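Please look through the model below from its overall build down to single residues. The paragraphs after it follow that order.

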Amino acid sequence: MRTFRSILGQGNSCYYKYAKPTVISFREFHVFRDIPELRKHRRQLLLDGKSVGLVPTMGALHEGHMSLARQAATENDEVFVSIYVNPTQFGLNEDLDSYPKTWDADIRRLTKLDEELAQSGKGRVTTIFAPTTKTMYPTLPPDSSLPGTGSFVTITPLANLLEGKSRPVFFRGVATVCMKLFNIVQAERVYFGQKDVQQTVIIKRMVKDFHLDTAVRIVPTEREKDGLAMSSRNVYLGQRRRKVGIVLHQALRAAESAYVMGGRGRDEMLALAWDVTNKMSEQQDGLAASERAMFEVDYLSLADPETLEEVPMVDEQRGAVLSGAIKMLPLEAVNHGEILGLGGDKVAVRLIDNIVLQPTDT
Ligand code: AMP
C-alpha cells in the first residue's frame, strides 16, 4: 500500500507573487514546501534502497514534462517533480509575473500520469516539491540584476552564448536553482528536455565541474502534430501567432535537410534556414495588420554540441546543434471573434527550438 500524505511546511512567505497550492486534497502525492521534511522522506527511501529521479519544472505542465517523468519512471523507483517558478532566471523586464501558474491542472496531469505508470509496473510519481521563494533563497531575496547580490552558480562561457546573449541572467538563475534542487533532493538521476539544448549542456557541465553525484538524462523534444516544440509559453499564442510560430521549426528542418543530403558547411545550412524565415517574414509583411503575425529572428545557430561555439563546418565526429530563437511580436490589431492566446496576444513570446545533427563518423 502506498502512503497518501501531504506534508506542508509553515514558512510560506514569498518575495514574489506565487500561486500557492490551494488544493491539497490530492492525497496521492507527498507534497513538500519545505526542505527538512523532504530530506527525511528522501533519506528513508535511501535506507529502503529506492532510487529517485528528479524532474525539475516551473509548472504549467504539458506533455513535454510528462515525457520526462515517464522516462524517469522507467529508470527509478520514485519520481520527484519539482514545481517552482524561479525568479532569478527571469530578467527584470521578463515575464515572471505573468508566467502561467496552473497548480490544480498540474496535479491532475501528474495524477493521470501516475495512474498510467501504475499499470505499467514501473516507477511511480510519488513526490512533488513546491517550495516557496523564501525556502529556495533563505538568505537574500532573489536578485535578477547584474552583477547582483546573492549566491550564484555561473557557468561561463556557455551561459553567455545563444540564449544568454539576449537573456544575460537566465542561465545563472537556471544553474543556481538546479544546484539548489540537486542538493536538496539528492536524486540518482535528473531529467531535462532536449528542447532547451543550452540548458542541457550547462547542467551537464555544472554536474561535471562541481562533481555532483547525479546522472543527467536528456529526453527528446515533445512536439505538437505540426512540429512546434511544446512549451508552457505556447498558451500565449492565439491561432494567428501559433500558425506563424511554426516557422522556426521549419527553418531548422530546412537546414537539417542540407546535412542529411551530405552538406557540412555552415553557410549552406543556415542560408536555407534564413530563406524560410525571410520568406515567412515577407509574406506576413504583405498582409494587413489585422491578418498578420510579425516576428523577429533573434538567432539561427550552428554550434558545437559541447562548447556551443559557432562552427564553420560540422565535425563529423562531434556532430552539431542547429538552434534558433524567434520573438513573436504582439498582434497589431485583433478581429472580432478571433481565437486569442492567454493575455490576448498582447505580449511578445519567445520561441526556441533545436535539432541535433548526429555525428556520422563514430
Ligand atoms: P520548464 O518548466 O519550461 O522549465 O521545463 C522543465 C523541463 O521540461 C526542462 O527540462 C525542459 O527542457 C523540459 N521541457 C519543456 N518543454 C519540453 C518539450 N517540448 N519536450 C521535452 N522536454 C521539455
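Predicted model: local features only at pLDDT ≥ 70, side-chain atom pairs only at ≥ 80, totals over all residues.

Residues are numbered from 1 along each chain as its sequence is written, and side-chain values use heavy atoms, with hydrogens and water left out.

The chain holds 10 helices and nine strands, where helices (H or I, at least four residues) and strands (E, at least two) are DSSP runs numbered from the N terminus. Its radius of gyration is 21 Å, close to the 21 Å that the globule rule gives for 362 residues, so the chain is as compact as a globular protein of that length; the radius is taken over C-alpha atoms, and the rule is 2.2 Å times the number of residues to the power 0.38. Along its principal axes, the C-alpha trace spans about 60 × 55 × 45 Å.

Of the 362 residues, 53% are buried, a term that means under 20% relative accessible area, with exposed standing for over 50% and partly exposed for what lies in between (1.4 Å probe, protein chains only). Among contacts with a separation of 6 or more, 77% come from residues 24 or more positions apart, a contact being heavy atoms within 4.5 Å. The chain exposes about 16,800 Å², of which carbon and sulfur atoms supply 52%; accessible areas come from the Shrake-Rupley method with a 1.4 Å probe, and for residues only the protein chains shown count as cover. There are 45 positive and 45 negative side chains, and the centres of the two sets lie 6 Å apart. In that count Lys and Arg are positive and Asp and Glu negative, with His and the chain ends not counted, and each charge is placed at NZ of Lys, CZ of Arg, CG of Asp or CD of Glu.

Which side chains make polar contacts with the side chain of N76? The side chain of R189 does so at 2.5 Å, and the side chain of Y191 at 2.8 Å, a polar contact being a pair of N or O atoms within 3.5 Å; within protein, one must be able to donate a hydrogen and the other to accept it, and residues adjacent in sequence count only if both atoms are side-chain atoms. Leaving aside neighbours within four places in sequence, N76 is in contact with residues including S51, V52, G53 and G123, as well as with E188.

The loop between β3 and α3 (103-120) holds T88, and V85 is found in the loop between β3 and α3 too. T88 is buried at 1% relative accessibility, and V85 is buried at 7%. The side chain of T88 makes a polar contact of 2.7 Å with the side chain of Y137, and T88 is also in contact, beyond its neighbours within four places in sequence, with residues that include P142, D143, F152 and V169. The C-alpha atoms of T88 and E309, 221 residues apart along the chain, are separated by 25 Å, while those of V85 and K101, 16 residues apart, are separated by 8.5 Å.

Some backbone details deserve attention as well. A60, in the loop between β2 (52-57) and α2, has a positive phi near 50 degrees although it is a residue other than glycine, and A60 is buried at 9% relative accessibility.

D345, which is not a glycine, has a positive phi of about 55 degrees; it lies in the loop between β8 (320-328) and β9 (349-357) and is buried, with a relative accessible area of 1%. D345 is one of the residues touched by R241, not counting residues up to four places away in sequence. R241 belongs to helix α8 (residues 239-245) and is buried, with a relative accessible area of 0%. A polar atom of the R241 side chain lies 3.3 Å from the backbone oxygen of M328, and among the other residues that R241 touches are Y236, A293, P330 and V347.
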